[in-house]
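Let's take a friendly walk through this one, strand by strand and ring by ring. Have the model open beside you as you read.

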Amino acid sequence: MLADLAFAGEGVGHRMVWDDNGMVMGENTGDSLPHGCSAISTDVEIVVDVGRQWARPGRVFGYNRNEWRVPACSRVSVVLHNHDQIRHMWMLHGLPHYLYYRGMFHLEAEGGRTMRGTFIAPSGNQTFLVHCDMAQHTEKGLKAQFIVGAGGQDMPNIDLPRPSMRSFLQRRLSPTSSENYADKTSNDLPYFPPACLNESSK
Ligand SMILES: [Cu+2]
């Protein structure tokens, strides 16, 4: 209630939730739609695990996956589970500035906590940068991309599984559905931690 009053009139992008679990900035549950969206197309929930246990080889931290894909104009709820004992963020850049302060949706979870936030994906095909803005965490592995519609240019230097490895694992896991692999969005793909990849290649 107090938060509603404090941020009333400041626009959707200034809306902030802040409690013991963390912080959300740019919360938009659908009362203001991006230009080009006449309605919310669908609801999507993205569950993100973050922590050292998901670090790719040579990195310190990791998200459980480094790519997400949603339809244009979808309402996206991100659930961020932080498995480390330090703060981490899931911060998305490049959203429309008329809706989001500095074009950002900012979700932050304290160590060992879970935080949830919602925003509306823009219309059109675009790829956005997602990262953790804590000192050096981006360089240490918390860098990912968020694809809306057919997406745009891939973000540089993101650790993504190589296509050959992906299809190899897909075939191993579900031998009968490998033909449909290309039709699947990356959200349907399971994520394999490095230990699991090593296991599979033995
Ligand atoms: Cu972090």
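## A bridge between two strands

Met 23 finds its bridge partner in β8, and that partner is Glu 108. Their strands, β2 (residues 22-25) and β8 (residues 104-109), run antiparallel and are joined by four bridges. Strands here are DSSP runs of E with at least two residues, numbered from the N terminus, and two of them pair if DSSP finds at least two bridges between them.

A word on the source: this is a predicted model, in which local features need pLDDT of at least 70 and side-chain atom pairs count only at pLDDT 80 or more, while totals for chains, interfaces and linings use all residues. Residues are numbered from 1 along each chain as its sequence is written, and side-chain values use heavy atoms, with hydrogens and water left out.

## The sheet around them

The β2-β8 pairing belongs to an open sheet of seven strands, ordered β1-β2-β8-β7-β10-β11-β5, with mixed pairing. At its edges are β1 (16-19) and β5 (67-70), each of which pairs on one side only. From one strand to the next the twist averages 15°, using axes that are lines fitted to C-alpha atoms and angles that run from 0 to 180 degrees between N-to-C directions.

Now look at strand β3 (residues 43-51), where Ile 46 is found. Ile 46 counts as buried because its relative accessibility is 4%; buried means under 20% relative accessible area, exposed over 50%, and partly exposed in between, with a 1.4 Å probe and protein chains only.

Leaving aside neighbours within four places in sequence, Ile 46 is in contact (heavy atoms within 4.5 Å) with Trp 68, Val 70, Val 76, Ser 77, Val 78, Val 79 and Phe 146. For Ser 77, 31 residues away along the chain, the C-alpha separation from Ile 46 is 6.1 Å.

## Aromatic rings

The structure holds seven aromatic pairs. Rings of Phe, Tyr and Trp (its six-membered ring) pair if their centres lie within 6.5 Å; planes under 30 degrees apart count as stacked, over 60 as edge-to-face and the rest as tilted. One of the pairs is Trp 68 with Trp 90, edge-to-face at 5.4 Å centre to centre and 70° between the planes. Trp 68 lies in β5 and Trp 90 in β7 (residues 88-93), so this pair ties together parts 22 residues apart in sequence. Both Trp 68 and Trp 90 are buried.

Phe 119 and Phe 146 make a tilted pair, with 5.7 Å centre to centre and 55° between the planes. It links Phe 119 in β9 (residues 114-120) to Phe 146 in β11 (residues 143-148), 27 residues apart. Phe 119 is buried at 0% relative accessibility, and Phe 146 is buried with a relative accessible area of 0%. Ring pairs link Tyr 63, Trp 68, Trp 90, Phe 105, Phe 119 and Phe 146 into a cluster.

His 88 lies in β7 and Cys 132 in the loop between β10 (126-131) and β11, so the pair ties together parts 44 residues apart in sequence. His 88 counts as buried at 0% relative accessibility, and Cys 132 counts as buried at 0% too.
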